[in-house]
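This report looks at charged side chains and how they pair. Have the sequence and the structure at hand.

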Amino acid sequence: PGGRAPHGELREQGARLAVDELNAAGGIDGRTVTLEVADVKDQSADAVASAVNSLTANPDVAAVLTGYASTTNFEIDLMAEAGMPYIIGGGSDQTAAIISADPEAYPTVWSLTPSYAGYGTDFPAKVAAWDEDGSFPLRNETVYIISSDNPYSNGIASGLSETFESDGWNVIGPDTVPFGEVNDWTTQITKIKEADPSVIVNTDYQTANAASFLSQFVANPTDSLVFSQYAPSVPEFIDLAGSAANGVLYNLPISPLKTTPEGEAAIAAFDEAYGTDPGLYGIMLYESVRLWADAAEAAGDPTNREAVGAAIGDLDVVTSLGRVHFDPATHLTVAGDDGIPMIYFQIQDEQRVSIAPDEAAETSFTVPPWMQ
């Protein structure tokens with residue numbers, strides 16, 4: 001799984017749980033499944049290429065599964081050249097850009113994560129809905145956006161900027177910080193105090209960075225909603241931010257659905273095995289292994305990489321994440337009502353709870369404690 005611990009640890013746990021379940025049920029075609037872990041370390045091109053080469057050259061490796069490996073997903077080409085079944089999670093924009101140019105050249109590569117397009121469009125509409133129903137009356141229509149200098153964060157920050165601007169908002173930023181460890185957010189918080197926005201968006205997805213920003217902001221806050229990209233979904237986030245995490249918002253285009261039987265079962269299995277919340281990537285790798293197993297059964301031979309890769313693309317199954325089936329033009333999981341829904345979360349009482357859409361909500365939005 002590799003890269004950006006604790007994400008890597010969660011991925012390994014999710015994959016191992018699914019592998020253990022498969023073996024307890026007799027394996028695949030009577031064969032025991034084993035888990036081989038490769039570490040992409042700092043996500044550099046050399047580290048990713050080294051991990052990919054070691055896996056694709058091993059005849060005993062039947063598939064490669066990950067949340068994300070590189071920041072650009074360049075390894076997709078290496079996997080396709082090797083005929084390796086590859087289920088990837090992160091960076092769906094990059095995945096779609098690569099595959100849509102020639103989908104038939106990537107018959108073994110599929111993304112469990114749907115399009116990130118909603119990341120750039122959904123949240124402004126959600127804020128408008130909270131203003132309209134009185135949940136969060138807007139003081140002004142100013143948003144302060146922080147980004148981290150990487151394709152994932154910059155792409156989402158750019159999309160949100162465009163959407164807020166088209167809705168008539170005053171957009172300040174994106175204020176881009178270097179990709180990597182950021183401990184001191186004084187500059188950004190000073191600018192936020194001057195701007196006094198109704199909404200703050202931080203697309204730096206690295207857990208420690210997002211937690212330190214929130215902790216420093218809450219020490220001297222403005223009356224603003226804080227939306228943090230992805231990082232609050234990682235179990236470690238609350239450990240780092242503590243009570244300062246209460247009130248922060250985030251959304252995920254793919255997340256375990258706690259209100260469905262499949263979601264409840266997967267989360268319970270993870271808790272029983274590890275005594276912890278699986279986060280997004282724990283469940284993602286758990287389901288990736290199960291999807292590969294379904295495809296291997298359908299192909300009839302788990303060692304036939306090309307046949308298994310093609311069978312992954314033909315899957316249409318209900319999982320703990322929702323209905324998984326793939327867009328043949330991009331090889332992304334289909335998003336929306338007939339696929340994987342966008343889920344909104346808020347941390348309340350140091351617990352992650354889903355607040356929208358209604359069919360997936362455990363509770364409702366509340367005004368953050370720093371504004372009460």
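Lys191 is partly exposed, at 36% relative accessibility. In this predicted model, the side chain of Lys191 meets that of Asp175 in a salt bridge, 3.6 Å from N to O. The pair links distant parts of the chain: Lys191 sits in helix 7 (residues 186–195), Asp175 in strand 5, 16 residues apart.

Is Asp175 buried or exposed? Asp175 counts as buried because its relative accessible area is 12%, and buried means under 20%. Strand 5 spans residues 170–177. The side chain of Asp175 also makes a polar contact of 2.7 Å with that of Tyr144. Leaving aside residues up to four places away in sequence, Asp175 touches Tyr144, Ile145, Ile146, Ser147, Gln188 and Lys191.

How many salt bridges are there? The count comes to seven.

| Salt bridge | N to O distance |
|---|---|
| Arg16 and Glu12 | 3.0 Å |
| Lys191 and Asp175 | 3.6 Å |
| Glu287 and Arg290 | 3.4 Å |

Arg16 and Glu12 both lie in helix 1 (residues 7–24). They are four residues apart, about one turn of the helix. Arg16 is partly exposed at 33% relative accessible area, and Glu12 is partly exposed at 28%.

Glu287 and Arg290 share helix 11 (residues 279–299), three residues apart, again about one turn. Glu287 is buried, with a relative accessible area of 5%. Arg290 is partly exposed, at 37% relative accessibility. Salt bridges with shared partners join Glu21, Glu287 and Arg290 into one network.

Methods: Residues are numbered from 1 along each chain as its sequence is written. This is a predicted model: local features need pLDDT of at least 70, side-chain atom pairs count only at pLDDT 80 or more; totals for chains, interfaces and linings use all residues. Side-chain values use heavy atoms; hydrogens and water are left out. Helices (H or I, at least four residues) and strands (E, at least two) are DSSP runs, numbered from the N terminus. Buried means under 20% relative accessible area, exposed over 50%, partly exposed in between (1.4 Å probe, protein chains only). A polar contact is a pair of N or O atoms within 3.5 Å; within protein, one must be able to donate a hydrogen and the other to accept it, and residues adjacent in sequence count only if both atoms are side-chain atoms. Contact means heavy atoms within 4.5 Å. A salt bridge is a side-chain nitrogen of Lys or Arg within 4 Å of a carboxyl oxygen of Asp or Glu.
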